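Open the model in your viewer and keep the selection panel at hand. The tour moves from one selection to the next.

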Amino acid sequence: MPRPAASQLWDHCITAGPDLLYFFIAAYWVSLRSGLLACDTDHKLANWLAGPPPVDVGKVRAAAGLGRATAG
């Protein structure tokens, strides 16, 4: 994850409260799902694991907020 995106995610997590962290983690893994499932060979999986996968921080924030809203 690029540094500006990580900073944006971290800032949002701090201002929203620590309970949101669990939803961020779940949303982050959900956002990685399609890229991971697209790895149909060992070589593609090795390449995916070798570098940081691209993450849409806005999508992760939205999913985490939705998870938090439906949990409480």
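Which residue just after H1 takes a positive phi? Select Gly17: its phi is about 105 degrees. Bear in mind that this is a predicted model.

**Stop 1: helix H1.** Step back to residues 3-16, which make up H1. H1 has 14 residues. From first C-alpha to last, H1 reaches 20 Å, close to the 20 Å expected at 1.5 Å a residue.

Now color the buried residues of H1: Ala5, Leu9, Cys13 and Ala16. They lie on the same side of H1, because they cover an arc of only 75 degrees around the axis. Turn to the face pointing away from that buried side. Arg3, Pro4, Trp10, Ile14 and Thr15 are there, and they are exposed.

**Stop 2: the core.** Select Leu9, Leu20, Phe24, Val60 and Ala64. The largest nonpolar core has 14 residues, and these five touch the most other members. Next, show the elements that give two or more residues to this core: helix H1, helix H2 (20-37) and helix H4 (57-71).

**Stop 3: a charged pair.** Side chains of opposite charge can pair when their charged atoms come close. How many salt bridges does a search of the whole structure find? The count is 1. Select Lys44 and Asp40 to see the pair, with the closest N and O atoms 3.1 Å apart. Buried or exposed? Asp40 is exposed, because its relative accessibility is 59%, over the 50% cut-off. Lys44 is partly exposed, at a relative accessible area of 41%.

Methods
Residues numbered from 1 in each chain as written. Predicted model: local features only at pLDDT ≥ 70, side-chain atom pairs only at ≥ 80, totals over all residues. Heavy atoms only, no water. Core = buried A, V, L, I, M, F, W, Y, C linked by side-chain atoms within 4.5 Å. Buried < 20%, exposed > 50% of the residue type's maximum accessible area, 1.4 Å probe, protein only. Helix = DSSP H or I, 4+ residues; strand = E, 2+ residues; numbered from the N terminus. Expected span 1.5 Å × (residues − 1). Arc of directions from axis to C-beta. Salt bridge = Lys/Arg side-chain N within 4 Å of Asp/Glu carboxyl O.
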